[in-house]
Amino acid sequence: NDLSMTENVFDFSQLVDLAQATGMECMAQTLDNVKYTPNKCPDWIHNICEAVIEKMRTASPNFKYLVSCIIVQKVGAGLHYESVAHWDAKADAAVVARYENETMVCLCTVVGVAL
C-alpha cells in the first residue's frame with residue numbers, strides 16, 4: 001500500500017482492511033508449511049506480533065497499536081474469543097485476522113488507538 005495514502009489517516013476504521021491483510025500476511029509468512037509444534041509457538045507468536053506492529057507503524061504513525069496473537073492446535077476443540085474496549089469509537093478500532101493450516105489455527109488481533 002502507498003504510504004502517502006495512509007500517513008494522514010486519523011481514523012483507524014479506514015485502516016482495518018490494511019490491518020487485517022497485514023495480520024494475514026505476517027501469519028502466513030511465519031506459519032505456512034509448518035506443523036504445530038508447542039515449543040515453537042512462543043517464537044512464532046512473537047515474530048507475528050512484532051512484524052504486524054512494525055508494518056502498521058510504518059503505514060500510519062498516528063496510532064498506538066496493540067497486537068495479540070493466539071495459536072491453537074487443531075484437535076477438534078472449539079475456540080471462542082472476544083475482546084471488549086472502552087474507547088473513542090470514531091477514531092479507534094480493532095480487527096481480527098484468522099489463519100489456518102492443516103495442524104493449527106492462529107488469530108491475530110490488531111488494535112489501533114488514535115494518538
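Which residues make a nonpolar surface patch of about 300 Å²? Ile70, Leu79, Tyr81 and Val96 do. The model is a predicted one, in which local features need pLDDT of at least 70 and side-chain atom pairs count only at pLDDT 80 or more, while totals for chains, interfaces and linings use all residues. Residues are numbered from 1 along each chain as its sequence is written, and side-chain values use heavy atoms, with hydrogens and water left out.

**Overall fold**

- The protein has 3 helices and 3 strands, where helices (H or I, at least four residues) and strands (E, at least two) are DSSP runs numbered from the N terminus.
- Along the sequence these elements follow the pattern α-α-α-β-β-β.
- The radius of gyration, taken over C-alpha atoms, is 15 Å, close to the 13 Å that the globule rule (2.2 Å times the number of residues to the power 0.38) gives for 115 residues, so the protein is as compact as a globular protein of that length.
- Along the principal axes, the C-alpha atoms fill a box of roughly 40 × 30 × 20 Å.
- Contacts (heavy atoms within 4.5 Å) between residues 24 or more positions apart account for 72% of those with a separation of 6 or more.

**Core**

- Of the 115 residues, 37% count as buried, meaning under 20% relative accessible area with a 1.4 Å probe and protein chains only.
- The largest nonpolar core has 28 residues; such a core is a set of buried Ala, Val, Leu, Ile, Met, Phe, Trp, Tyr and Cys residues joined through side-chain atoms within 4.5 Å.
- Those with the most contacts inside this core are Phe12, Leu31, Ile48, Val52, Met56, Cys106 and Val110.
- At least two core residues come from each of α2, α3, β1 (63-73), β2 and β3 (104-114), and α3 gives the largest share, 7 residues.
- Apart from its neighbours within four places in sequence, Val52 touches Thr22, Gly23, Cys26, Val67, Cys108 and Val110.

**Surface**

- Val96, one of the patch residues, is found in strand β2 (residues 93-100).
- Val96 has a relative accessible area of 36%, so it is partly exposed, which means between the 20% limit for buried and the 50% limit for exposed.

**A loop residue**

- Asn33 is found in the loop between α2 (16-31) and α3 (41-59).
- Although Asn33 is not a glycine, its phi is positive, at about 65°.
- Asn33 counts as exposed, because its relative accessibility is 82%.

Conventions: Patch = residues over 30% accessible without salt bridge, like charges linked within 9 Å, V, L, I, M, F, W, Y side chains within 5 Å. Areas by Shrake-Rupley, 256 points an atom, 1.4 Å probe, with all protein chains shown as cover. Salt bridge = Lys/Arg side-chain N within 4 Å of Asp/Glu carboxyl O.
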